[in-house]
Amino acid sequence: MLIALINFVTMLLTLLIYIVIAQAILSWLVAFNVINTHNQFVRSVLYGLERLLDPMLRPLRRVIPDLGGIDLSPMVLILAVIFVRDVVIRGLAVDLLM
């Protein structure tokens, strides 16, 4: 039962990584004017992703220095999620199996 819960949390963390990547790519496409925010669907997807990820990215943006137009907070969030998923959760699973 607990192993199933650990697998579920691992899948959720992997999904979070994909969501952060999708939000970063969409923000680049908007910044380079490849897609237009006048489209209602694009605007609603961007707004939804922003509302979902902003509580996680805002504390990182306060700590990470401003590098002009480069936002490193999504990369730091992805690295933190990978650390939690691969080190912490996997360590819990190994401890439970022993």
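This is a predicted model: local features need pLDDT of at least 70, side-chain atom pairs count only at pLDDT 80 or more; totals for chains, interfaces and linings use all residues.
Local features need pLDDT of at least 70 and side-chain atom pairs count only at pLDDT 80 or more, while totals for chains, interfaces and linings use all residues. Residues are numbered from 1 along each chain as its sequence is written, and side-chain values use heavy atoms, with hydrogens and water left out.

The protein chain has three helices and zero strands; helices (H or I, at least four residues) and strands (E, at least two) are DSSP runs, numbered from the N terminus. The radius of gyration, taken over C-alpha atoms, is 16 Å, well over the 13 Å from the globule rule for 98 residues, so the chain is more spread out than a compact globule. That rule is 2.2 Å times the number of residues to the power 0.38. The C-alpha atoms fill a box of roughly 55 × 30 × 20 Å along the principal axes.

Ser-73 lies in helix H3 (residues 73–97). The residue is buried (under 20% relative accessible area, 1.4 Å probe, protein chains only), as its relative accessible area is 1%. Leaving aside neighbours within four places in sequence, Ser-73 has contacts (heavy atoms within 4.5 Å) with Leu-57, Leu-60, Arg-61 and Ile-64.

Chain values are tabulated below.

| Item | Value |
|---|---|
| Buried residues | 22% of the 98 residues |
| Residues 24 or more positions apart | 57% of the contacts with a separation of 6 or more |

Note on methods
Buried means under 20% relative accessible area, exposed over 50%, partly exposed in between (1.4 Å probe, protein chains only).
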